[in-house]
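Please look over the sequence and the model below before reading on.

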Amino acid sequence: MTIQITDRQIEIIEAAGKILSRSGVSGLTIKNLAKEMKFSESAIYRHFKSKEDIIVAMLEYLAESINDLHRNTLADDAPADERLERLFQKHFSFFSKNPHYVAVVFSDGLLEVSKKINETILKIMEVKMKYLLPIILEGQKSGVFTNAVATDELLNIIMGAVRLEMFKWRMDHYQFDLQKYGNEMIQSLLILIKK
């Protein structure tokens with residue numbers, strides 16, 4: 001998975017994320033984006049055809065960033081519980097530094113904008129599951145995690161809890177320490193899922 005994106009396109013998607021953080025989907029217009037970047041609207045259109053293309057590029061870039069962030073997690077030979085903890089520490093650290101990506105994933109009305117955006121959001125979830133599922137499977141196989149709950153359900157519980165924590169942070173306008181509260185939540189999850 002390698003998307004081709006220029007430095008200027010990264011600047012545009014980051015500016016778009018800031019607008020989404022402040023104003024939601026309705027505030028993200030090419031006009032507002034050009035104003036934010038001190039560009040002409042035509043300069044934005046040289047890099048992206050539409051607002052949808054900007055959002056899709058942002059989501060694809062996020063999926064690739066998450067993939068890069070967690071690539072070494074599977075190769076690690078640490079116990080499953082330690083790898084799960086580290087995976088989410090990296091996750092919370094990344095989003096603490098890049099809250100505009102949380103804005104795009106949790107923007108009100110974004111899911112209704114287009115099928116292409118929905119499909120790209122699903123790609124992000126698939127990337128996360130690609131790293132999380134083998135850790136859970138190994139943890140259950142080695143006896144670190146409970147087998148009383150099916151692997152798929154354990155995956156849903158963990159991803160749901162993390163997603164809820166991210167959503168609460170977004171709704172609180174990024175005011176609480178995501179790394180602190182995220183790590184506390186992961187410790188609670190580990191207490192529940194460990195044998």
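**Helix packing, salt bridges and loops**

Helix α5 (residues 80-97) and helix α8 have axes that come within 12 Å of each other and cross at roughly 20 degrees. Here helices (H or I, at least four residues) are DSSP runs, numbered from the N terminus, while axes are lines fitted to C-alpha atoms, for helices over the stretch in contact, with angles that run from 0 to 180 degrees between N-to-C directions. The helices α5 and α8 are therefore roughly parallel to each other, since angles under 35 degrees count as roughly parallel, over 145 as roughly antiparallel, 65 to 115 as roughly perpendicular and the rest as oblique. The crossing of α5 and α8 is right-handed, a term used if the near helix is turned clockwise from the far one by less than a right angle, and left-handed if anticlockwise. On the α5 side the contact is made by L84, F88, H91, F92, F95 and S96, and on the α8 side by I158, V162, M166 and W169, where contact means heavy atoms within 4.5 Å. Sorted by class, the contact of α5 with α8 has eight nonpolar residues, two polar ones and no charged residues; in this scheme Ala, Val, Leu, Ile, Met, Phe, Trp, Tyr, Cys and Pro count as nonpolar, Asp, Glu, Lys and Arg as charged, and the others, Gly among them, as polar.

A word on the basis of these values is in place. This is a predicted model, in which local features need pLDDT of at least 70 and side-chain atom pairs count only at pLDDT 80 or more, whereas totals for chains, interfaces and linings use all residues. Residues are numbered from 1 along each chain as its sequence is written, and side-chain values use heavy atoms, with hydrogens and water left out.

From α4, the residues E52, D53, I55, V56, L59, E60, L62, A63, I66, N67 and H70 meet K116, I117, T120, I121, K123, I124, V127, K128, K130 and Y131 of α7. The residues of this contact of α4 with α7 divide into 11 nonpolar, three polar and seven charged. Which residue forms a salt bridge with E60? The partner of E60 is K123, with the closest N and O atoms 3.6 Å apart, and this pair links distant parts of the chain, E60 lying in helix α4 (residues 51-70) and K123 in helix α7 (residues 115-141), 63 residues apart. E60 is partly exposed, with a relative accessible area of 24%, and K123 is partly exposed at 34%; buried means under 20% relative accessible area, exposed over 50%, and partly exposed in between (1.4 Å probe, protein chains only). Also in helix α7 is E126, which counts as partly exposed at 47% relative accessibility, and the C-alpha atoms of E126 and A63, 63 residues apart along the chain, are separated by 8.9 Å.

The structure holds nine salt bridges, each a side-chain nitrogen of Lys or Arg within 4 Å of a carboxyl oxygen of Asp or Glu. One of them joins R8 to E11, with the closest N and O atoms 2.9 Å apart. Because R8 and E11 are three residues apart in helix α1 (residues 7-27), they are separated by about one helical turn. Both count as partly exposed, R8 at 33% relative accessibility and E11 at 38%. In helix α9, K180 and E184 are four residues apart and so are separated by about one helical turn, and their side chains meet in a salt bridge (3.2 Å, N to O). K180 is partly exposed, with a relative accessible area of 41%, and E184 is partly exposed at 40%.

Helix α1 also holds S21, which counts as buried because its relative accessibility is 19%. Not counting residues up to four places away in sequence, S21 touches P99, H100, A103, R170 and Y174.

The loops bring in backbone geometry. Most residues other than glycine have a negative phi. K38, however, has a positive phi near 60 degrees and lies in the loop between α2 (30-37) and α3 (41-45), where K38 counts as exposed at 73% relative accessibility. H173, likewise not a glycine, has a positive phi of about 55 degrees; H173 is found in the loop between α8 (151-171) and α9 (178-193) and is exposed, with a relative accessible area of 55%.

Conventions
Helices (H or I, at least four residues) and strands (E, at least two) are DSSP runs, numbered from the N terminus.
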